[in-house]
Amino acid sequence: KKDINSLYMKSVGIDWEVPVETVPLPSGGAVYPKDSWFHCKEFVNIKAMTAREEDILTSAAYIKQGIVVDELIKSCLMERNVDVGDLIMGDKNALAISIRITGYGADYNANIECGECGHNNEKVFNLSELEIKRLGAEPIEKGSNLFEFNLPVSKKVVHFKLISGNDESKRTKMLEDSVEILGKSAPGLVTSNLETMIVSIDGVTDKGKIKSFINVMPAFDSKSLRKFMIDIQPGIDMNVRYTCDDCGAAGSAELPINTNFFWPKV
């Protein structure tokens, strides 16, 4: 299957085909329903970034709407008419990293602050060496983005989902609206995350009742649930090892993603 860009280039007499890469989905597609194109997809094909995708990265309209990465992935996926908003965040981030590698290579310059002496280290990391973090638990049913956890203190059974791009957009909008209306009384990140992810508690699906329970949930229950959610989340392990240029201490840190990620120094 040839990409539209390569076909256009041939039509004007320039013999060049945009490379296509096969990349893994960390979730293996296990969380997507049967009517989703991503259902049980372990691998997807993406084309390399081109100048067309650079236009997407600089689009003021996409930046304002907060959909730059979605449009980038949509443009590079070889399968058209796919709702990339359905992607859970771990799969979405993995595809974004793979696309960046196709466009600008695997080297990524990042500043890492030493945990021992505080020195700011400028390091070059190889994005292709980052490990894939697979889905850490089986969903309740294959093809269902639904997982179960038993709260250790209250003994409630929680069913929750992994956040998709569409979920994240709604949560961000909700937080912005809440801050505008409620000010300091607006929900915090912990409770808003739980409200977005929890689908039911002991079979109760009413959002108002779930919200009320979250507000009185024992702290140990909240911490245990959030740790489980993080542990099973598929994606790319962004933790890297480094040696401080100043004190020589060896350490680890989460690789920061900044403006240089899609616009590296050349």
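This is a predicted model: local features need pLDDT of at least 70, side-chain atom pairs count only at pLDDT 80 or more; totals for chains, interfaces and linings use all residues.
1. V158 stands opposite I201 in β8, and strand β7 (residues 157–160) pairs with β8 in the antiparallel sense over three bridges. Strands here are DSSP runs of E with at least two residues, helices are runs of H or I with at least four residues, and both are numbered from the N terminus; two strands are taken to pair if DSSP finds at least two bridges between them.

2. Residues are numbered from 1 along each chain as its sequence is written, and side-chain values use heavy atoms, with hydrogens and water left out.

3. The strands β6, β7 and β8 form, in that order, an open sheet with antiparallel pairing. Its edge strands, β6 (147–150) and β8 (198–201), each pair on one side only, and the twist averages 25° from one strand to the next.

4. Helix α7 lies across β7 and β8 and runs at about 80° to β8, where contact means heavy atoms within 4.5 Å and angles run from 0 to 180 degrees between N-to-C directions, the axes being lines fitted to C-alpha atoms, for helices over the stretch in contact.

5. Two packed helices are described by the angle between their axes and the distance between the axes. For α7 and α9 the angle is about 65° and the axes are 12 Å apart. In this contact V190, L194 and M197 of α7 meet S222, L225, R226 and M229 of α9; by class, the residues are five nonpolar, one polar and one charged. Nonpolar here covers Ala, Val, Leu, Ile, Met, Phe, Trp, Tyr, Cys and Pro, charged covers Asp, Glu, Lys and Arg, and the others, Gly among them, are polar.

6. The axes of α7 (residues 189–197) and α8 (residues 207–216) come within 10 Å and cross at roughly 145°. On the α7 side the contact involves T191, L194 and E195, which meet K207, K211, I214 and N215 in α8, and these residues divide into two nonpolar, two polar and three charged.
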